[in-house]
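Visitor: I would like a close look at one part of this model, namely the surroundings of one of its ligands. Please take your time and connect that site to the rest of the chain.

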Amino acid sequence: MATPGGDQELGSYYVGVDVGTGSVRAALVDQRGILLAFADQPINQWEPQFNHHEQSSEDIWVACCIVTKKVVQGIDLNQIRGLGFDATCSLVVLDKQFRPLPVNHEGDSHRNIIMWLDHRAVSQVHRINETKHSVLQYVGGVMSVEMQAPKLLWLKENLRETCWDKAGHFFDLPDFLSWKATGVTARSLCSLVCKWTYSAEKGWDDSFWKMVGLEDLVADNYSKIGNQVLPPGTSLGNGLTPEAAKDLGLPAGIAVAASLIDAHAGGLGVIGADVRGHGLACEGQPVTSRLAIICGTSSCHMGISKNPIFVPGVWGPYFSAMVPGFWLNEGGQSVTGKLIDHMVQGHAAFPELQAKATARCQSIYAYLNSHLDLIRKTQPVGFLTVDLHVWPDFHGNRSPLADLTLKGMVTGLKLSQDLDDLAILYLATVQAIAFGTRLIIEAMESAGHSIGTLFLCGGLGKNPLFVQMHADITGMPVVLSQEVESVLVGAAILGACASGDFASVQEAMARMSKVGKVVFPRREDKRYYDKKYQVFLKLVEHQKEYASIMKAD
Ligand SMILES: Nc1ncnc2c1ncn2[C@@H]1O[C@H](COP(=O)(O)OP(=O)(O)O)[C@@H](O)[C@H]1O
Ligand SMILES: O=C(CO)[C@H](O)[C@H](O)COP(=O)(O)O
């Protein structure tokens with residue numbers, strides 16, 4: 001953990017807390033967007049059945065307290081002006097007294113969160129999509145099983161007595177955290193618009209909830225899912241409560257912001273940076289020519305526009321859900337970091353990889369990247385996969401095909417199981433994820449977006465191979481921020497706005513997000529990647545053909 005220091009004149013600090021899928025992170029951030037201290041803490045996940053993924057809101061709050069206490073150690077607490085949270089869009093269930101309720105058949109109330117990547121509500125989402133209700137136009141035309149309405153319906157249909165009838169509050173995780181910190185149950189416009197079918201302009205649509213069989217949520221004026229909705233960054237209530245202040249090791253009463261979903265915080269942390277002097281096409285162009293890609297367990301592709309753009313299979317358009325006054329389209333791949341981990345850890349040569357990386361004090365990814373460099377000889381590293389191709393939808397396709405039945409594919413397997421083989425499979429997986437991004441960008445562009453530069457952050461931003469492949473395969477420069485932990489800069493921007501130190505989110509973004517490194521595409525490799533992209537598209541076409549052959553009588 002770094003220690004705070006530096007410029008005494010810039011003595012206002014903000015704390016950002018980012019709850020990802022695998023860990024909770026916190027940072028102490030100054031007004032220039034510089035991280036003065038960072039801490040992280042892993043969090044538990046349970047998978048009691050295939051496609052059921054659960055967490056505990058108590059565990060997560062404890063982890064938030066541990067990391068926050070660490071980052072403010074040794075500083076004058078009076079300098080902390082605001083606190084902002086972001087988190088994954090998971091569903092937290094509490095009873096009327098705000099106690100956790102079980103979301104599982106085992107009745108374990110400690111596990112009271114249905115995680116965003118949980119796919120238990122397949123039948124429910126099919127029925128919701130069959131209604132063809134007009135709110136579906138604002139989620140890319142098809143609701144995802146990862147959103148909250150199908151999960152709520154699943155709870156009503158499957159855990160009526162133990163959960164549904166006792167429930168008093170259903171929160172998106174970012175909103176649970178701001179409630180825990182302030183006692184205010186107001187929801188963020190970000191979570192309600194993106195995951196709950198709320199409209200920034202029209203509010204809730206009663207007819208949707210009645211049509212899908214969740215009329216009970218309307219009956220009590222939406223008090224269980226939110227009837228006070230605030231823009232992200234708005235200061236909540238009287239700030240941090242004395243009880244939460246004690247838990248977090250912060251002064252009571254400091255400003256706490258209405259939260260953001262993690263991907264959206266990453267977007268705020270990167271998309272508004274001043275790009276002058278980096279030779280980028282987006283210099284002098286509207287911010288709408290930038291695409292933020294937040295790559296952790298999943299990847300989220302955040303593009304904004306002045307007017308609503310309807311992109312089939314890409315979530316949104318969502319008004320003011322990320323940058324105020326702009327519409328947002330959110331493309332995504334449900335598993336990216338998780339897929340890379342899955343492929344690498346499942347390979348027979350993984351124990352050998354671990355041993356060799358440990359001996360060199362390197363991460364397994366740094367080791368694999370240098371191993372690829374050794375075996376490539378004189379050719380570009382990407383060319384090692386000329387006959388190995390991967391389709392990456394091991395957890396269905398979120399965008400732009402919006403088809404949760406799709407599966408992963410690998411073609412070009414050999415009998416070898418050595419480290420070379422593992423490294424090349426890892427490379428082909430990274431490339432497949434980048435081809436998925438290319439497909440999403442093409443869908444966004446054909447609907448009206450005009451994107452020229454990528455701003456990438458999240459855990460996978462630490463992997464130079466992943467970044468280079470995104471540049472080479474999309475043909476666009478990739479901007480990395482000065483602060484690797486840009487999602488935390490986004491969370492701190494929320495705290496800064498809530499404190500009143502900045503007049504708007506836009507002003508805070510421009511001041512606090514900064515360009516670090518720019519990675520340009522290797523134009524000479526374009527022909528090779530265009531051919532691999534043709535194969536990529538064939539893979540899914542073939543998968544669909546296989547499914548229809550097997551369905552026929
Ligand atoms: N140093 C690293 N080098 C390469 N990849 C990394 C590194 N650290 C994390 N990752 C990748 O990033 C993913 C996790 O990213 P992170 O943003 O921490 O996820 P989340 O926000 O979902 O918890 C991992 O699945 C791993 O593949
Ligand atoms: O749906 C999402 C954002 O809208 C994200 O995929 C989800 O929040 C998980 O994020 P991460 O991969 O960073 O843990």
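Which helix and which strand each supply at least two residues of the shell around ligand 2?

Guide: This is a predicted model, in which local features need pLDDT of at least 70 and side-chain atom pairs count only at pLDDT 80 or more, whereas totals for chains, interfaces and linings use all residues. Residues are numbered from 1 along each chain as its sequence is written, while chains are lettered from A and ligands numbered from 1 in the order in which they are written.

The elements you ask for are helix H9 (262-270) and strand S16 (327-333), each of which gives at least two residues to the shell around ligand 2; helices (H or I, at least four residues) and strands (E, at least two) are DSSP runs numbered from the N terminus. The shell holds 16 residues, and those that come nearest to ligand 2 are Thr21, Thr88, Gly296, Thr297 and Ser298, where a residue is near if its C-beta atom, placed from the backbone, lies within 6 Å. Sorted by class, the residues around ligand 2 are six nonpolar, eight polar and two charged; Ala, Val, Leu, Ile, Met, Phe, Trp, Tyr, Cys and Pro count as nonpolar, Asp, Glu, Lys and Arg as charged, and the others, Gly among them, as polar.

Ligand 1 can be set beside this site. It is surrounded by 17 residues, of which Gly20, Gly296, Thr297, Gly337 and Gly459 are the closest, and Gly296 and Thr297 are also listed among the residues that come nearest to ligand 2. The shell around ligand 1 is made up of three nonpolar, 11 polar and three charged residues, and its largest share, four residues, is supplied by helix H10 (residues 337-345).

Strand S16 leads on to a sheet. It takes part in an open sheet of seven strands with mixed pairing, whose order is S15-S16-S14-S13-S19-S20-S21; two strands pair if DSSP finds at least two bridges between them. At the edges of this sheet stand strand S15 (315-319) and strand S21 (515-519), each of which pairs on one side only. Averaged over the sheet and with direction ignored, neighbouring strands are turned by 25° against each other, axes being lines fitted to C-alpha atoms, for helices over the stretch in contact, with angles running from 0 to 180 degrees between N-to-C directions.

Over residues 291-498 the chain is 40% helix and 19% strand, with 26 Å between the end C-alpha atoms.

Finally, strand S1 (residues 13-19) deserves a look. Seven of its seven residues are buried, so S1 is largely enclosed by the rest of the structure; a residue is buried if 20 or more other C-beta atoms, placed from the backbone, lie within 10 Å of its own, exposed if 12 or fewer, and partly exposed in between. In a regular strand the side chains alternate between the two faces of the sheet. In S1 both faces are covered, with Tyr13, Val15, Val17 and Val19 buried on one side and Tyr14, Gly16 and Asp18 buried on the other. S1 pairs in the parallel sense with strand S5 (residues 80-87) over seven bridges, where Leu83 is the bridge partner of Val15. S1 is also joined by seven bridges to strand S2 (residues 23-30), which runs antiparallel to it, and Val17 is partnered there by Ala26. Three residues lie between S1 and S2, and the two strands form a hairpin.
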